[in-house]
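Colleague: I have a new model open and would like to learn how to read it. Can we go feature by feature?

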Amino acid sequence: TGENWRNFLIQKMNPTRNISTTLGFRLFRDFKFGLGFKVITKDATDGYQYIIARDGPVVTQDQFRFTEISAGFRFAFREEFIVTKRTRMSLGTKYPVLWIEYTRGIDGWLDGEYAFNRIDLKVEKSFYTKYLGKTSFMLKGGFIDKAIPATDLFNGNGRYRFFTIFAPNSFATMRMNEFMSDRYLALYFSHNFGKLLKRWKKFQPEMLISTNATFGWLRYDENHLNINYKTLEKGYYESGFLINNLLNLRIYSLGVGAYYRWGPYSYDLFKDNIALKVSITFPLGALGSN
């Protein structure tokens, strides 16, 4: 999806080795279930240390091993499909779509070092209003109940570069790993006015406005050394404006836009709060911002 554009902006990753398996199946038409199992080893970067003991001399780690099992489901009430011999493509539903996943970290099994419970939640809904266009929102949240290394906490979902590709459902003006949380709630809202402007044969721009907001909290901040981060208790806000479909190249179309960071975590200098974007949309919306 278009959200995957964010992956191209990540400059630093933790060296990771993992073994995993997943099983997915559909049940009762509207439910899709998934089960998973992972054994993951991650190495810290930039001198990060995780404190595991304070009794006597402080004991730290810079390599982390997780053993995890997970279970989740997606619920899309009365979702419609196009079914062919080779594929099954969703046409969506007029009702909200719900995702929930539960992950259990297991200490002591297959050398797993951390026992914790994690819940990830996402609700997505889009609807059309006659003469006004398409309104979309996504609500996301997460909860981790125990102290774990920064590599597996929530990182704010930032995607800042001053000028880069637009990635929906993430924060255009937030720096990578600027914030860290073990509980968070985020809302992504957008409205696409569609082709309500004057249209020409080869020029049919679409205007889109957007506002994103998130709150987050971190209970075990004393466990992390040699890492710079902020928390999100005061709320993070940004708003943007895009003009899509300025240049139609048949296979895809290009547009431009800008986002502005405002609220308690905004910067003093105007230019530091701005992010310019190029949007890429596809006819079927597979990778687009619509």
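Modeller: Start with pairing. Two strands count as paired if DSSP finds at least two bridges between them. This is a predicted model. Now take the hairpin of β1 and β2: 3 residues lie between its strands, and F28 takes a positive phi near 55°.

Colleague: How many bridges join β1 to β2, and in which sense do the strands run?

Modeller: 12 bridges join them, and the strands run antiparallel. T16 has K42 as its bridge partner in β2. I19 has V39 as its partner in β2.

Colleague: What does β2 pair with next, and over how many bridges?

Modeller: β2 pairs with β5 over 13 bridges, in the antiparallel sense.

Colleague: Step back to the chain. How many helices and strands does it have?

Modeller: The count is 0 helices and 17 strands. Next, check the overall dimensions. The radius of gyration is 21 Å, close to the 19 Å that the globule rule gives for 290 residues, so the chain is as compact as a globular protein of that length. The C-alpha atoms fill a box of roughly 75 × 55 × 30 Å along the principal axes.

Colleague: What share of the residues is buried?

Modeller: Buried residues make up 39% of the 290. Look at contact range too. Among contacts between residues at least 6 apart in sequence, 62% join residues at least 24 apart.

Colleague: How should I read the nonpolar cores?

Modeller: In soluble globular proteins, nonpolar side chains tend to be buried together. In this model the largest nonpolar core has 23 residues, and Y114 and Y236 have the most contacts inside it. β5 (63-76), β10 (133-144) and β12 (183-194) each supply at least two of its residues. The largest share, 3 residues, comes from β12. A second, separate core has 5 residues, including F166, A172, L208 and Y259.

Colleague: What does Y114 touch beyond four places in sequence?

Modeller: Its contacts include Y50, Q61, F64, F66, I106, I148 and P149.

Colleague: Now loops. Where is T151 found?

Modeller: T151 is in the loop between β10 and β11. Beyond four places in sequence, T151 is in contact with N14, K42, F64 and F66. The C-alpha atoms of T151 and A44 are separated by 7.7 Å, although these residues are 107 apart along the chain. A polar contact of 2.9 Å joins the side chains of T151 and D152.

Colleague: And T231: which side chain does its own side chain meet in a polar contact?

Modeller: That of E233, at 2.6 Å. T231 is found in the loop between β14 (224-225) and β15 (236-248). Outside four places in sequence, T231 touches F179, M180, L218 and Y265.

Colleague: One more. Where is F81 placed?

Modeller: F81 is in strand β6 (residues 80-83). The C-alpha atoms of F81 and L91 are separated by 5.2 Å, with the two residues 10 apart along the chain. Leaving aside neighbours within four places, F81 is in contact with R26, R88, M89, S90 and L91.

How values were computed
Residues are numbered from 1 along each chain as its sequence is written. This is a predicted model: local features need pLDDT of at least 70, side-chain atom pairs count only at pLDDT 80 or more; totals for chains, interfaces and linings use all residues. Side-chain values use heavy atoms; hydrogens and water are left out. Helices (H or I, at least four residues) and strands (E, at least two) are DSSP runs, numbered from the N terminus. A polar contact is a pair of N or O atoms within 3.5 Å; within protein, one must be able to donate a hydrogen and the other to accept it, and residues adjacent in sequence count only if both atoms are side-chain atoms. Contact means heavy atoms within 4.5 Å. A nonpolar core is a set of buried Ala, Val, Leu, Ile, Met, Phe, Trp, Tyr and Cys residues joined through side-chain atoms within 4.5 Å. Buried means under 20% relative accessible area, exposed over 50%, partly exposed in between (1.4 Å probe, protein chains only). The radius of gyration is taken over C-alpha atoms; the globule rule is 2.2 Å times the number of residues to the power 0.38.
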